[in-house]
Amino acid sequence: MKKVTIMVIAIALFSSCAKNTKKNNVIEQEINTNTKKNTTMKKVLFVLTSHEDLGNTGEKTGFWIEEFATPYYLLKDKGIQITLASPKGGQPPIDPKSSLPDFQTPATVRFNEDKETQEVLSKTLKLENVNHADYDAVFYPGGHGPLWDLAEDKNSIALIESFYNNNKPVAAVCHAPAIFKHTKNTDGTPLVNGKKVTGFTNGEEEAVQLTKIVPFLVEDMLKNNGGIYSKKADWNPYAVEDGLLITGQNPASSELVAEILLERLK
């Protein structure tokens, strides 16, 4: 009787140990999987304008909320780690017109209620302190602000060229392709020369009655720099990918640009 009891106990102990070993193996596998996920998380740098004056009109400008919020949430919800930067650091100016009811989208509504993201936005890094080596791609939201500062900013120009020369995607939407005004290839030719690009059209600029206010027209600049410029009808979503360059025509194109960028990061 004692031998039977001892045998039953031994079997129970063996079964328990086997279960614990299996459980431990599962836990260890989960830890290894999570570690792998953390080490492979992609990082994208968002660069926003610091310019708030709309020429000599006395009105304010900045970045366009939809062009920030739509790509931001699309990428963040897919597990992309996002860092925000601007030439001056701190809170970048928001174009007040982009807060008007006519320009609200699900992403802008989400942003308006998202205190956490608003707090992050208020503390953007200074562009001069950013290194391309820390990120897998860079994205520039538009708004009229970039026409004045980011198009001419030496730190931004150098950063874009560093991303491109290190085989990392550079994305920009609406007025943000203004950033390619002075960017160069290693041979000194314009970065967009011979590449398919798009951006805010002359017709769209005319429609918002700022043709004579802005320092230059995005469409004309891209063409003058040798870009193979294309567009759809004004205000229609349209995005173009050519190698590492991803550009979108207008605010409605923000989602398309983000989707292409996300695909490139996979």
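1. In helix α2, Glu66, Glu67, Thr70, Pro71, Leu74 and Leu75 meet Ser254, Glu255, Ala258, Glu259, Leu261 and Leu262 of helix α8; contact means heavy atoms within 4.5 Å. By class, this contact of α2 with α8 comprises 6 nonpolar, 2 polar and 4 charged residues. Here Ala, Val, Leu, Ile, Met, Phe, Trp, Tyr, Cys and Pro count as nonpolar, Asp, Glu, Lys and Arg as charged, and the others, Gly among them, as polar.

2. Helices α2 (residues 65-76) and α8 (residues 254-265) pack at about 35°, and their axes are 9 Å apart. Axes are lines fitted to C-alpha atoms over the stretch in contact, with angles from 0 to 180 degrees between N-to-C directions. The α2 and α8 crossing is right-handed, that is, the near helix is turned clockwise from the far one by less than a right angle.

3. On provenance, this is a predicted model, in which local features need pLDDT of at least 70 and side-chain atom pairs count only at pLDDT 80 or more, while totals for chains, interfaces and linings use all residues. Residues are numbered from 1 along each chain as its sequence is written, and side-chain values use heavy atoms, with hydrogens and water left out.

4. The protein chain contains 8 helices and 9 strands, taken as DSSP runs (helices H or I, at least four residues; strands E, at least two) numbered from the N terminus. Of its 266 residues, 47% are buried, meaning under 20% relative accessible area with a 1.4 Å probe, protein chains only.

5. The largest nonpolar core has 35 residues, of which Leu45, Tyr140 and Phe180 touch the most other members. Such a core is a set of buried Ala, Val, Leu, Ile, Met, Phe, Trp, Tyr and Cys residues joined through side-chain atoms within 4.5 Å. At least two residues of this core come from each of β1 (43-47), β4 (137-140), α5 (154-165), β5 (170-173) and α7 (218-224); α5 gives the most, with 4 residues. A second, separate core of 30 residues includes Ile82, Phe111, Phe200 and Ala258.

6. Beyond its neighbours within four places in sequence, the contacts of Phe180 include Ile160, Val170, Leu191, Met221 and Leu245.

7. Pro93 lies in the loop between β2 (81-86) and α3 (106-113). Why does proline 93 count as buried? Proline 93 does so because its relative accessibility is 12%. Excluding residues up to four places away in sequence, Pro93 touches Thr49, Ser50, His51, Glu52, Thr61, Gly62 and Phe63. The C-alpha atoms of Pro93 and Lys60 are separated by 8.6 Å, although these residues are 33 apart along the chain.

How values were computed:
Buried < 20%, exposed > 50% of the residue type's maximum accessible area, 1.4 Å probe, protein only.
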